Each structure stands twice: as structure tokens, then as C-alpha cells.
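Let's take a quick tour of the aromatic rings in this protein. Have a look at the structure first, then we'll go through who pairs with whom.

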Amino acid sequence: MDYLQLRVLPLLALLASLLYFFYFQDSPTLFERSDCSLFPYNHYWIISESIVTPRGVISGAVEVKEEKIVSIVKEEDCHGNLKRGQIIDYGEAVVMPGLIDVHAHLDDPGRTEWEGFPSGTRAAAAGGITTLIDMPLNNLPSTVSAETLKLKIDAAEKNIYVDVGFWGGLVPENAFDANSLEALLSAGALGLKSFMCPSGINDFPMTNSSHIKEGLSILAKYRRPLLVHAEIPQDSESYLEDGEDDPRSYSTYLKTRPPSWEEAAIRELLTVSQDTRIGGPAEGAHLHVVHLSDAGSSLQLLKQAKSNGDSVTVETCPHYLAFSAEEIKDGDTRFKCAPPIRDAANKERLWTALLEGDIDMLSSDHSPSVPDLKLFDEGNFLKAWGGISSLQFVLPVTWSHGRQYGVTLEQLALWWSERPAKLAGQDLKGAIAVGNHADITVWEPNVEFELNNDLPVYLKHPSISAYMGSKLSGKVMATFVRGNLVYKEGKHAPAACGAPILAT
Ligand SMILES: NC(=O)NC(NC(N)=O)C(=O)[O-]
Ligand SMILES: [Zn+2]
Ligand SMILES: [Zn+2]
């Protein structure tokens, strides 16, 4: 060994240990964390000129430590103070609270050929969704008891890339069985969901207002909500004339599920929602109408209930805001859903209701199936399986269409994060605020892209999505779940480190 080597080796060793110290000092759990996150630090700053907070959009930085947001600093107050830590500078891209989708069907366990937790939550992460609440039906068996909820929790373990909570089912079988409902709620269901029309799923029969009344009285004790699919069939056969209506035409399907179905259900619901008023027998419970499509009488009735003091909210979905019945091509059963997509005038009224605050929030109602059930060859709207597949696209869809109506970033955060968090009882989620989970999505509002086969779509069956073929603006760059960078520009973290969310 010559003189030079003797001098250089210790120097190199010193350099290596210094590098090690500076690189790893912030991340003692680097090795486990590196599988959960594409950015292996547990203390860092996210910088952007457009950070959406409950106090407005600011230019500045969000400090993330472990799972939480520990500080938020405006640019003018930074003074170069951030140099000490790791920094991710997103420039002009929007930094927004991650979306919380309170209505998704991931069909796990039992019908994973339809979707499943791995593909569904990867699609969610790629779409900026950091939490989703899974519906109790389309999985097999349906989630209607503590035992069946346990099956869901087991199926989710190590298979979810975002946080996932679970609604339980309110069905005739458990509605009058307080012990069974209480066991389901004690096991962690965030609330209950029921149908006022056939759900299409054998082990998820429909409920009437007596079942719903019972359900609300139990939910009151737990202060959790009941979500209702509000349609009551009104003698549908009479809408179609023998041989006159082409089942390949969307207008035929539309005739079979008129707005009067939604109206009848909501009218019925209002007879029990009054129980949720302060001082009422179900005070503490809450009634949430899912996927409202009718912007007419149904909406007026809901407004009335709210003004009477009933604890009621309502969601609509991007497909009712993006599409209109007139545009749906013959045989294109990708667009079949219930309640149906109505005409363009109704769509306009839904936007008005959303902007004026009469619709409280948005959800995907991502409800896929296998392509075979969509009967694409036949194109029969009356026979095809219903449900829109959308999970990965809801943010760009809402933004692309909402822009024309002057939708703001704050409104997006309200409809997609803040209010859904409240519905699901998630106090630490739904806003970029100190102390909250670092659930964040970063996206570029002005970047346009086409939903074609070149785009990585993580849904199990991209071909059944009604959005394929459309052009959207608003591209998701990165998604953080409790501080883990779970998705970045077409890449997911290797491990599925989303957490199951159980009510306590
Ligand atoms: N069984 C279902 O998934 N139903 C869903 N289907 C839709 N929306 O077409 C729903 O939420 O009602
Ligand atoms: Zn429904
Ligand atoms: Zn649904």
C-alpha cells in the first residue's frame, strides 16, 4: 500500500460516514419505509405556489413528519428556513388534500374478477384519492355482519395502496336485530348503507322506511351515518310499449327509471329523517343520499329537509356532471348506471345545485364488473349490468367540466375532501392542516391528456370505463398517504401500506 492510498482510504471512510449520517439522519426507519414510499424520508417539506388549505390557497411549504402535517408556512414567512430538511418543490402544481371517495365498490373479497383491493386502490392512488370508503355490496358475501366485515378487513390487509374504510349493509335481515347491527358497528363499520330498490345483488335485499327508521335509531348511539340509494320503483313496465322501444337506445333505459323513482324514495326518507333532528329520537344519526341524479323535485325535497333541521346530506357523482343522456350512443352500455344519467338540462341544474351548496359533496360510485356483463356485443341497455367505472379519473373529470362553471380549487377540496371526511367521521383527514394526516395529492391543472391505451390505467378493466376516449385536463403527479409517497408519475410504491380504517 503506498503513501497515497494510506492517506486517501481514511478520508474516503470519513466521507462515507458523513454521507451516511446526513442521508439517513431523518429516516431511521428507511428500510421498512422505502417499500411503502417512493420518497424515503420521514421528515420533509412539500413546496408549491398553490397549496389548498382551509384558509385559502397559499404559496409556501407544508412540513411533513412521520404520518402528519406538522407545519404550514407561507412563502413570505419561510426566509430560507427550509434548507435544513429534505425538500420536494412542485413549483406551480397544485398541492391539495387527497380526495376521499365515500362511495366505491371494490368487490373484494368474492368478486375480485370485477376489481379487487390491489387494482382498485392503485387506481385510486393514481387518481389522487388517498382514502376510500368501500361499499358493503358487490363483494361476496355482502358486508352485513361483524363476521362478514372481518372477511373484508382480512382481504384488505397488505393489499391496499391507500387508506380504506368500510360501510356496513343495512338489510331486512339485520334491521330489526339490534345485536347484529351493534356488532357490525362495534367491529368498525363507519356507518351503514341501504337500498330502497333492488340492488341487483342477491344477498343485499332492499329496505323500506321501517328498516331505515330502526337503522337510524341504532346509528344515533354511535353517531354514524346511514347512506341510502334513494330510488323506489314506480311500476316501470308501463313506461315501455311492446316492440316500440329499442333496448340499444339509451332513451329506452332512461324511460324505465324516471326522476319520480328518486322523488318517491326521498319523499319517503323525509318521513324518517326528521328523527335525526336535535331532540328527535335518532339525534346523532345522519342520513346521506348517495348519487343524486334528479336535480328537480328530489333536490327540492332535500333542501326542505335540511331547512327543517334534519341531519341530511347529499352527494352526486362526476358522471352526472360530465355526461348527458342525449350524447350516449346506441349500445354503449359503459354508460348504464342507476339512477340514470339524465338530460343536459338536468346536468346544468346539478352544477347549479353543487355551486350553490345544495349538493354537499362528490363521490365516484365506482362500480365496475367484468366486461362480459356489459353485453357490448348485444348493447342491450335493459339487460346489461349497471355501474360506471371511474375511480382513477374523478379529479380530472370534475376539474375539466367544472372549469366551465368557474369551479375553484377550494370548492374541489370541499366537495372531495373536507365534507367526505366529515361524513366518514375522519377528523384527521380532509384538509391540509397542522396535526392532520399528510394525505396529499399534487396535480397539474393545465396539463391535458387523452384517455387512450397509451395512458397507464390501473383499474382491472379499463375498457368498461365510460371515460376512455375522452380528453381531460388536470393530471395527477404525486399522491401521499400518511406521509408515504404512494404514487409518482406512473409509478407506485412497491408495498401496499394503506391502512384499514375502523370506527372506534
Ligand atoms: N350493485 C351496485 O353496485 N349498484 C350500483 N350501481 C349503479 N350505481 O349503477 C349502485 O351504487 O347503485
Ligand atoms: Zn346505488
Ligand atoms: Zn354504488
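Which residues form one aromatic cluster? They are Phe39, Tyr41, Tyr44 and Phe480. Keep in mind that this is a predicted model. Going by ring-centre distances, the count comes to 13 aromatic pairs.

**A pair linking distant parts of the chain**
- Tyr250 and Phe381 make an edge-to-face pair, with 5.3 Å from centre to centre and 85° between the planes.
- Tyr250 belongs to helix α8 (residues 250-256), while Phe381 is in the loop between β14 (361-362) and α13 (394-402).
- That puts the two partners 131 residues apart, so you're looking at a link between distant parts of the chain.
- Both Tyr250 and Phe381 are buried.

**A pair within a loop**
- The ring centres of Phe323 and Phe335 are 4.8 Å apart and their planes meet at 75°, so this pair counts as edge-to-face too, since that label needs planes over 60 degrees apart.
- Phe323 and Phe335 each lie in the loop between α11 (318-322) and α12 (344-355), so their pairing ties together parts that are 12 residues apart in sequence.
- Phe323 has 10% relative accessibility and Phe335 has 9%, so each counts as buried, the cut-off being under 20%.

**Charges over rings**
- Arg122 has its charged end over the ring of Tyr161, 5.3 Å from the ring centre.
- Lys475 places its charged end over the ring of Phe449, 5.7 Å from the centre of that ring.

How values were computed:
Residues numbered from 1 in each chain as written. Chains lettered and ligands numbered in written order. Predicted model: local features only at pLDDT ≥ 70, side-chain atom pairs only at ≥ 80, totals over all residues. Heavy atoms only, no water. Phe/Tyr/Trp six-rings, centres within 6.5 Å; stacked < 30°, edge-to-face > 60°. Helix = DSSP H or I, 4+ residues; strand = E, 2+ residues; numbered from the N terminus. Buried < 20%, exposed > 50% of the residue type's maximum accessible area, 1.4 Å probe, protein only. Lys NZ or Arg CZ within 6 Å of the ring centre and 35° of its normal.
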